[in-house]
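Look through the sequence and the structure below before reading on. The report that follows goes from the chain as a whole to single residues.

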Amino acid sequence: PLDELILQVCLLYEQRRDEASARLRSSNEKKASFAPGANPLKFLAMTPTQPQEHSLVQSCKHLLEVDALKVVNYGETELESDLLYRLTPIGYHCSKLPMDAKLAKTLIVGCILGVLDNALIIAASLSCTKSCFMSSRQLDPTAVEARDLLIEN
């Protein structure tokens with residue numbers, strides 16, 4: 001869930017940056033003071049119930065591994081909490097899909113490569129909480145005993 005929240009914070013930054021640059025173009029001003037990237041850790045630290053910083057850093061690292069985010073600047077210091085992030089094109093599309101970033105990337109890449117059906121099957125099987133290959137009867141103790149009796153005979 002933190003991955004999706006961080007993607008939404010970065011998407012909000014991108015939208016605000018685009019709106020500010022459009023206003024500048026229409027008013028013929030030269031330059032605006034807009035940060036080179038978003039800092040979701042500082043943004044989420046202002047919420048009433050702050051997520052743990054370690055969890056936020058791990059989520060940012062996960063999104064960097066998936067290539068949904070890229071680091072654009074190291075901010076004031078070189079601490080992980082001061083990094084500034086921007087969405088990549090895949091990250092932009094991942095932020096629009098209501099699912100885990102890895103699953104969203106699987107679907108996006110599958111669509112680009114023309115194998116969306118296979119990507120959907122893989123994403124669906126990865127998102128299952130229960131095993132898709134075991135029926136509820138296999139977990140029932142009476143069914144297990146009956147099966148064992150059949151095997152013995």
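## Contacts and overall layout

Of the contacts in the protein chain between residues at least 6 apart in sequence, 52% join residues at least 24 apart. This figure, like the others in the report, comes from a predicted model.

The protein chain holds 8 helices and 2 strands. Read from the N terminus, the order of elements is α-α-α-β-β-α-α-α-α-α. The protein chain has 153 residues, and 28% of them count as buried.

## The largest pocket

The volume of the largest pocket is about 260 Å³. The pocket is lined by 13 residues, and those closest to its centre are Tyr 13, Arg 16, Ala 38, Asn 39 and Phe 43. Two elements, helix 1 (2-27) and helix 2 (40-45), each give two or more residues to this lining. Helix 1 has the largest share, with 4 residues.

What classes of residue make up the lining of the largest pocket? There are 9 nonpolar, 2 polar and 2 charged residues in the lining.

## Salt bridges

The whole structure contains 5 salt bridges. One of them joins Arg 86 to Glu 14, with 2.7 Å between the closest N and O atoms. This pair links distant parts of the chain, since Arg 86 is in strand 2 (residues 84-87) and Glu 14 is in helix 1, 72 residues apart. Glu 14 has a relative accessible area of 10%, so this residue counts as buried.

A salt bridge also forms between the side chains of Asp 18 and Arg 17, at 3.3 Å from N to O. Both partners are partly exposed: the relative accessible area is 40% for Asp 18 and 24% for Arg 17. A network of salt bridges links Glu 14, Arg 17, Asp 18 and Arg 86.

## Asp 67 and its partner

Asp 67 and Lys 105 meet through their side chains in a salt bridge, with an N to O distance of 3.8 Å. The pair ties together parts that are 38 residues apart in sequence, because Asp 67 lies in the loop between helix 3 (53-65) and strand 1 (69-73), while Lys 105 lies in helix 5 (residues 101-113).

Are these two residues buried or partly exposed? Asp 67 has a relative accessible area of 43% and is partly exposed. Lys 105, at 22% relative accessibility, also counts as partly exposed.

## A buried charge without a salt bridge

Asp 3 is a residue of helix 1. Which side chain of opposite charge is nearest to Asp 3, and how far away is it? The nearest is Lys 102, at 7.9 Å. A salt bridge requires a nitrogen and a carboxyl oxygen within 4 Å, so Asp 3 has none, although Asp 3 is buried.

Asp 3 does have contacts with other parts of the chain. Apart from neighbours within four places in sequence, Asp 3 is in contact with Ser 59, His 62, Leu 63 and Asp 100.

## An exposed residue and a buried one

Gln 52 is located in the loop between helix 2 and helix 3. The relative accessibility of Gln 52 is 59%, and the limit for exposed is over 50%, so Gln 52 counts as exposed. From C-alpha to C-alpha, Gln 52 and Leu 41 are 9.6 Å apart in space, and they are 11 residues apart in sequence.

Gly 110 belongs to helix 5. With a relative accessibility of 5%, Gly 110 counts as buried. Leaving out residues up to four places away in sequence, Gly 110 touches Val 115, Leu 116 and Ala 119.

Key. Residues are numbered from 1 along each chain as its sequence is written. This is a predicted model: local features need pLDDT of at least 70, side-chain atom pairs count only at pLDDT 80 or more; totals for chains, interfaces and linings use all residues. Side-chain values use heavy atoms; hydrogens and water are left out. On a 1 Å grid over the protein atoms alone, a cavity is a set of points where a 1.4 Å probe fits but cannot get out, and a pocket is an open set with protein on both sides within 12 Å along at least five of seven lines; lining residues have an atom within 4 Å of a point. Grid points are joined across faces, edges and corners, and a volume is the space filled by probe spheres set on the points. Ala, Val, Leu, Ile, Met, Phe, Trp, Tyr, Cys and Pro count as nonpolar, Asp, Glu, Lys and Arg as charged, and the others, Gly among them, as polar. Buried means under 20% relative accessible area, exposed over 50%, partly exposed in between (1.4 Å probe, protein chains only). Lys and Arg count as positive and Asp and Glu as negative; His and the chain ends are not counted. Contact means heavy atoms within 4.5 Å.
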